[in-house]
Amino acid sequence: MSKNMGYALLAGLAAVVVLVSGAVFVGAGVRGAAPDTAAPRGGENAAPASSGAWVGTWSASPASAEPNAPDGYPDASLRNVVHTSVGGSAARVRFSNLFGTRPLTITHATLALAAEPSSPAAAPGSMRRLTFGDRNEVTVPVGSAVTSDAVRLNVPAAADLLVTLYSPNGSGAVTHHPHARQTSYLARGDRAADTTGVPYTEQTTHWRHVTAVDVWTNETEAAVVALGDSITDGITSSPGANHRWTDFLADRLRTERGAPRYSVLNQGISGNRVLLDASPTDPKNGPSALNRLERDVLSRTGAEVLVVQLGINDLIKTPQQTDPRRIVDGLERITQHAHRRGLRVIGATLTPFGGHRRHNARLEAVRQQVNEQIRRGGVFDAVVDFDAALRDPAAPQRLLPVYDSGDHLHPSDSGYRAMAGAVDLDLLKGFSPARL
């Protein structure tokens with residue numbers, strides 16, 4: 001059986017389960033602002049009554065306004081393809097107008113299982129209309145976000161979902177995540193309920209307006225959130241393959257015996273730094289990790305563990321940060337903020353980039369000093385040594401060739417797999433806070 005045939009069978013079976021489920025339902029209503037402990041109610045916008053909790057299964061950080069689309073996409077349907085890390089019996093979706101210049105009016109939004117990986121077609125019987133406080137439309141103010149009501153849908157782990165929104169007006173600037181490494185789609189007119197995928201003739205490598213999908217589940221305890229730069233964003237991973245290091249980590253958590261039951265949320269932004277916001281002339285690198293911590297980590301549904309992979313861009317981007325103490329201080333502040341919200345923090349060493357055009361002896365010395373302080377302890381609760389996992393033993397300032405995507409900075413698919421393999425899953429459990 002081919003991979004696509006197997007996926008189609010999985011999606012079809014999941015849809016059938018949803019259609020035939022006749023379990024007892026609870027009556028507690030759920031809204032976008034409802035507490036995470038509230039159970040979904042009955043009907044299509046609901047899930048079977050059971051113990052469980054809301055946990056994020058997928059997310060992406062809004063990075064900036066999409067260039068070359070100053071008026072947004074009026075009278076167009078935006079179909080985002082996103083990949084789950086864990087499954088559940090109901091789902092809700094978060095839409096953002098963070099970088100919009102006008103209110104975003106969504107008059108039709110849907111959620112469905114993809115018929116095949118990366119396909120704009122929906123699995124039979126899986127299309128669900130999303131509502132907002134029981135209304136079919138919602139207006140998202142400039143700088144704001146909204147979460148849909150819950151819909152009953154048997155969401156599998158490691159599956160592609162179709163999140164579609166239609167706006168008659170557009171929002172001006174479009175809030176987007178530019179380096180999705182996933183093909184999404186656009187159709188003209190209101191095609192949000194289309195299941196065939198035929199009208200979706202325009203493709204994009206961005207995620208537009210959608211920033212999170214949560215599932216109601218009793219199979220997952222909490223979420224691991226990865227805060228990082230382009231290495232976490234997976235900018236050199238194979239498109240459509242879900243080969244970011246966070247994807248490989250999610251695979252391990254699903255399949256390895258004794259692994260903690262966590263979802264994985266990727267909050268990487270390419271070019272992101274610990275200390276400085278993106279330049280106004282190059283806004284796609286996003287606000288600094290310190291400035292986006294609340295938005296992208298601490299507010300994620302079910303967040304319990306934070307993995308921090310940051311620091312390289314503080315070294316190589318102008319103005320370059322050559323004081324290792326300042327970088328370490330910034331990382332410590334991230335840990336302090338996360339501790340106040342009860343998160344365990346695992347920090348990564350800075351990975352090799354020898355051979356990259358911006359590498360030099362001075363920056364290499366700073367990298368080594370930052371890594372020495374991270375390994376010594378006291379910066380994070382625990383350490384994952386991505387430097388040791390990826391470096392070439394014969395030339396430690398460089399990536400091992402098989403792990404090098406070719407630019408001497410970003411890993412290959414094999415490198416991303418090695419990063420996930422370097423995470424000691426036992427470190428994700430328990431809580432022994434660092435002494436900062």
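Let's start at the largest pocket of this structure, where α1 (3-20), β1 (53-59), β3 (76-83), α3 (245-255) and β18 (262-268) each supply at least two residues of the lining. Please keep in mind that this is a predicted model. Among the contributors, α3 gives the most to the lining, with 6 residues. The largest pocket has a volume of about 510 Å³, and of the 37 residues that line it, H83, T84, N242, R244 and D247 are the closest to its centre. By type, the lining divides into 15 nonpolar, 14 polar and 8 charged residues.

From the pocket, let's move to an open sheet. Three strands form it in the order β2-β12-β15, and the pairing is antiparallel. β2 (64-65) and β15 (207-208) stand at the edges with a single partner strand each, so one side of each is left without a neighbour in the sheet. You can follow one of these pairings in detail: β2 meets β12 (residues 175-177) in the antiparallel sense over 2 bridges, and S64 stands opposite H176 in β12.

Our last stop is E202, a residue of strand β14 (residues 202-204). Leaving aside residues up to four places away in sequence, E202 touches S184, Y185, L186 and R188. Take L186 from that group: this residue is 16 residues from E202 along the chain, yet their C-alpha atoms are separated by 5.1 Å.

Note on methods:
Residues numbered from 1 in each chain as written. Predicted model: local features only at pLDDT ≥ 70, side-chain atom pairs only at ≥ 80, totals over all residues. Heavy atoms only, no water. Helix = DSSP H or I, 4+ residues; strand = E, 2+ residues; numbered from the N terminus. Contact = heavy atoms within 4.5 Å. Pairing = 2+ DSSP bridges. 1 Å grid on protein atoms, 1.4 Å probe; cavity = no way out; pocket = protein on both sides within 12 Å on 5 of 7 lines; lining within 4 Å. Points joined across faces, edges and corners; volume = space filled by probe spheres on them. Nonpolar A, V, L, I, M, F, W, Y, C, P; charged D, E, K, R; others polar.
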